[in-house]
Amino acid sequence: MTVEVRNLTKRYGSLTAVDGLSFSLREGEVVGFVGPNGSGKTTTMNIMATLDEPTAGDVLIDGRSVIDYPDYARRAIGFMPDYIPSQSDMSAHEYIDFFARAHGLTGAKLERRVREVEEFVNVAQIRDREISGLSRGMKQRVSLARAIVHDPELLIMDEPANGLDPRARIEFRAYVRRLAAEGKAVLISSHILADLAEICTGCMIIERGRLAKSLSGDIKGMDLESVFMEFTRSETEQA
Ligand SMILES: Nc1ncnc2c1ncn2[C@@H]1O[C@H](COP(=O)(O)OP(=O)(O)OP(=O)(O)O)[C@@H](O)[C@H]1O
Ligand SMILES: [Mg+2]
């Protein structure tokens, strides 16, 4: 599986949210996507996940444009948005099952896969509880289960560790490692730089929609905060 973001640009009126961004991802890679608030991370991820369209540029999954082949992209990509599930009257199981069916799973295969992901994210014990009554950490797990239920090759996670307590964050890092070990490519945005330094094989710092710095190779233990401060400016400095 290959992912190529080519010259991606998104404008909202006079504001350029993403400005000619290019990068690529390969299987087994876990790439951190960081940048100041408003630097274009969510916009980029939404376009990759076919939830938004670029003003210019493209994203190619295995050489196929996400604009021309959205169904191919949706099959290949699992997306974890930066908001948590709000389908309040559904149980965790009903929610995961619903998205598995939406991806075309049926019968014994459906049941097996739903059980498998429920075990993977550790929600099997609470699967019959309504999502609205779950803690934030549990909701995030359900959200991850939804993102991986169709066994996508690329995982796009927008601030998945946001609001999680230390234990839940440690567990989350373990899930990401296991997914990468299975050969998935993972793109993960976060403001918790220490978390990224633990799990990522590379890191991109963006500012005002442009790539400010790209780090590859072993970033474990790296002081990402210093690199971040060197290559970005605050929103007030940008104005
Ligand atoms: N629908 C929209 N209409 C107008 N402007 C938008 C829209 N969506 C995003 N923007 C603007 O695009 C820029 C990039 O926003 P984006 O949400 O991609 O940033 P981000 O890097 O994800 O920030 P954060 O770290 O706060 O999540 C911001 O200036 C934002 O205000
Ligand atoms: Mg965002």
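User: How many residues lie between β1 and β2 in the hairpin?
Analyst: There are 2 residues between β1 and β2 in that hairpin, and G13 in the turn has a positive phi of about 60°. This is a predicted model, in which local features need pLDDT of at least 70 and side-chain atom pairs count only at pLDDT 80 or more, while totals for chains, interfaces and linings use all residues. Residues are numbered from 1 along each chain as its sequence is written, and chains are lettered from A and ligands numbered from 1 in the order in which they are written. Helices (H or I, at least four residues) and strands (E, at least two) are DSSP runs, numbered from the N terminus.

User: In which sense do β1 and β2 pair, and over how many bridges?
Analyst: Strand β1 (residues 2-12) pairs with β2 in the antiparallel sense over 9 bridges, where pairing requires that DSSP finds at least two bridges between the strands. Within the pair, E4 stands opposite S24 in β2.

User: OK, switching to ligand 1: which residues surround it?
Analyst: The shell consists of Y12, L15, A17, G35, N37, G38, S39, G40, K41, T42 and T43, each counted as near if its C-beta atom, placed from the backbone, lies within 6 Å of the ligand. The elements giving two or more residues to this shell are β2 (15-26) and α1 (41-48), and α1 provides the largest share, 3 residues.

User: And what about α3, which of its residues are buried?
Analyst: In α3 (residues 92-102), the buried residues are A92, H93, Y95, I96, D97 and A100; buried means 20 or more other C-beta atoms within 10 Å of the residue's own, exposed means 12 or fewer, and partly exposed is in between, with C-beta atoms placed from the backbone.

User: What do those buried residues pack against?
Analyst: They pack against α4 (107-120) and α5 (136-148), and α3 is followed by G104, whose phi is positive, near 90°.

User: Last one: why is F228 classed as partly exposed?
Analyst: F228 is partly exposed because 19 other C-beta atoms lie within 10 Å. This residue sits in helix α8 (residues 224-231).

User: Which residues is F228 in contact with, leaving aside its neighbours within four places in sequence?
Analyst: With those neighbours left aside, F228 is in contact with V34, L193 and I205, contact being C-beta atoms, placed from the backbone, within 7 Å. F228 and E207 are 21 residues apart in sequence and 10.0 Å apart in space, C-alpha to C-alpha.

Definitions and conventions: Contact = placed C-beta atoms within 7 Å.
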